[in-house]
Amino acid sequence: EAARLQPLAACVGCDRNAAQLEGAAANADAAARQGALPLLLMHADATRLPLHDGSVDAVLSDLPFGRKHGRREGLYAAALREWRRGPRPGGC
């Protein structure tokens, strides 16, 4: 979705679940047929991204929700800590 809204952006998607990546690949292929730039997909955990510090302009996410993931020491807290190091100065 982000790739369709920002057609000149280089977008990277990641998930630690291979089935989710397969679905994302199908969505990326459909978007590419409508003119979106290719999407790089990586098998990676949102709490340990294989990106250099300050190497992206923005971080977007569609985190899972619910009690299992939303607790203080859960996925949300770990992902937010990781995402602080990704954006360049002035990024979001």
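**Exercise 1.** Which residue forms a salt bridge with D57, and how many Å apart are the closest N and O atoms?

*Solution.* The model is predicted, so local features need pLDDT of at least 70 and side-chain atom pairs count only at pLDDT 80 or more, while totals for chains, interfaces and linings use all residues. Residues are numbered from 1 along each chain as its sequence is written, and side-chain values use heavy atoms, with hydrogens and water left out.

Step 1: apply the criterion, a side-chain nitrogen of Lys or Arg within 4 Å of a carboxyl oxygen of Asp or Glu. The partner of D57 is R88, with the closest N and O atoms 2.5 Å apart.

Step 2: D57 sits in the loop between β2 and α3, and R88 in the segment after α4 (75–83), 31 residues apart. Helices (H or I, at least four residues) and strands (E, at least two) are DSSP runs, numbered from the N terminus.

Step 3: classify exposure: buried is under 20% relative accessible area, exposed over 50%, partly exposed in between (1.4 Å probe, protein chains only). D57 is exposed at 54%; R88 is partly exposed at 36%.

**Exercise 2.** Describe the salt bridge between E82 and R85.

*Solution.* Step 1: the closest N and O atoms of E82 and R85 are 2.7 Å apart.

Step 1: E82 is buried, at 12% relative accessible area, and R85 is partly exposed, at 25%.

**Exercise 3.** Is D45 buried or exposed?

*Solution.* Step 1: D45 has a relative accessible area of 13%, and is therefore buried.

Step 1: its salt-bridge partner R16 lies 3.4 Å away, N to O. R16 is exposed, at 60%.
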